[in-house]
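Let's take a walk through this fold, one piece at a time. Have the sequence and the model open side by side as you read.

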Amino acid sequence: QMRMTNTVPALPVHDIEKAVNFYQCKLGFTCAYQDKGFAKIIRDRVEIHLWAAYDKSWKWRSILLFLKPVFSGAETFIAGTHSCRIEVEEIDNFYSEFKKKEMLYSPETLMEETSWGTREFPVLDLDRNLLTFYEQIEN
C-alpha cells in the first residue's frame, strides 16, 4: 500500500557553521551531519535540514534578474524565506525555554490559541526563517 510517512523541512541559511551553532545553542538541537553546504540537525523526533544559500553572483546579473531571478537555487536572498511548523508536547515548557533564551519572534510574543485547535508561538532562526512551535488542543 502506497503512503507518505514523514516530512523533513529544509531551510536555506547563509552560513552552515553559524546556523548549526545557533540551532544547537539556542534551540537545543544536535548536529547529526555537517559539511560546507548542508547540515542535518535533530532534537527528539524532529529532523531539520539546513542548506547553504551562498551564491552571491546574482548581484552582478542585475539586467538578467528581471528575466530569470534564480539561476543556481542557492542565491543568498533565499536564506530567511522559509518556514516550518514543529509539533511539540508540553508547549508551555518550550515557550518558557525559548523565552528565557530570548528566542521568541519578539519580546511581546505570546502563546496563541488558534481557531484550528492549536496553541502555538513563533521563533525566528539566525537567518529569519520562521519556526512555529505548536501543540494540538485536546477536546
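This is a predicted model: local features need pLDDT of at least 70, side-chain atom pairs count only at pLDDT 80 or more; totals for chains, interfaces and linings use all residues.

Residues are numbered from 1 along each chain as its sequence is written, and side-chain values use heavy atoms, with hydrogens and water left out.

Back to α1, which covers residues 16–27, 12 residues in total, and reaches 15 Å from its first C-alpha to its last. That is close to the expected 16 Å at 1.5 Å a residue, the expected span being 1.5 Å times one less than the number of residues. At the start of the helix, a side-chain oxygen of Asp15 comes to within 3.0 Å of the backbone nitrogen of Glu17. Just after α1, Gly28 adopts a positive phi of about 80°.

Now zoom out. The protein chain holds three helices and eight strands, which are DSSP runs numbered from the N terminus (helices H or I, at least four residues; strands E, at least two). In sequence order the pattern reads β-α-β-β-β-α-β-α-β-β-β. Of the 139 residues in the protein chain, 35% are buried. Among contacts (heavy atoms within 4.5 Å) with a separation of 6 or more, 47% come from residues 24 or more positions apart.

Which residues of α3 are buried? They are Ile91, Phe94, Tyr95 and Phe98. Seen down the axis, the buried residues of α3 fall within an arc of 100°, so they line one face of the helix. What do they pack against? The partners are α1, β3 (38–43), β7 and β8. Just after α3, Glu102 has a positive phi of about 55°.

That brings us to the rings. A pair of aromatic rings is described by the distance of the centres and the angle of the planes. Here, rings of Phe, Tyr and Trp (its six-membered ring) pair if their centres lie within 6.5 Å, with planes under 30 degrees apart counted as stacked, over 60 as edge-to-face and the rest as tilted. By this rule there are nine aromatic pairs. One of them, Tyr33 with Phe38, is tilted, at 6.1 Å centre to centre and 45° between the planes. Tyr33 counts as partly exposed at 42% relative accessibility, and Phe38 is also partly exposed, at 27%.

Why is the pair of Phe94 and Phe133 called stacked? The ring centres of Phe94 and Phe133 are 6.4 Å apart and their planes meet at 15°, so the pair is stacked. This pair links distant parts of the chain, with Phe94 in helix α3 (residues 91–100) and Phe133 in strand β8 (residues 130–136), 39 residues apart. Phe94 is buried at 14% relative accessibility, and Phe133 is buried at 3%. Ring pairs also tie Phe94, Tyr95, Phe98, Phe121 and Phe133 into a cluster.

Leu110 counts as exposed, at 62% relative accessibility. Leaving out residues up to four places away in sequence, Leu110 touches Tyr95, Glu120 and Phe121.

Further along, Thr114 lies in the loop between β6 and β7 (118–124). Buried or exposed? Thr114 counts as buried, at 10% relative accessibility. The side chains of Thr114 and Thr118 are joined by a polar contact of 2.7 Å, that is, a pair of N or O atoms within 3.5 Å; within protein, one must be able to donate a hydrogen and the other to accept it, and residues adjacent in sequence count only if both atoms are side-chain atoms.

Methods: Buried means under 20% relative accessible area, exposed over 50%, partly exposed in between (1.4 Å probe, protein chains only). The arc is that of the directions from the helix axis to the C-beta atoms.
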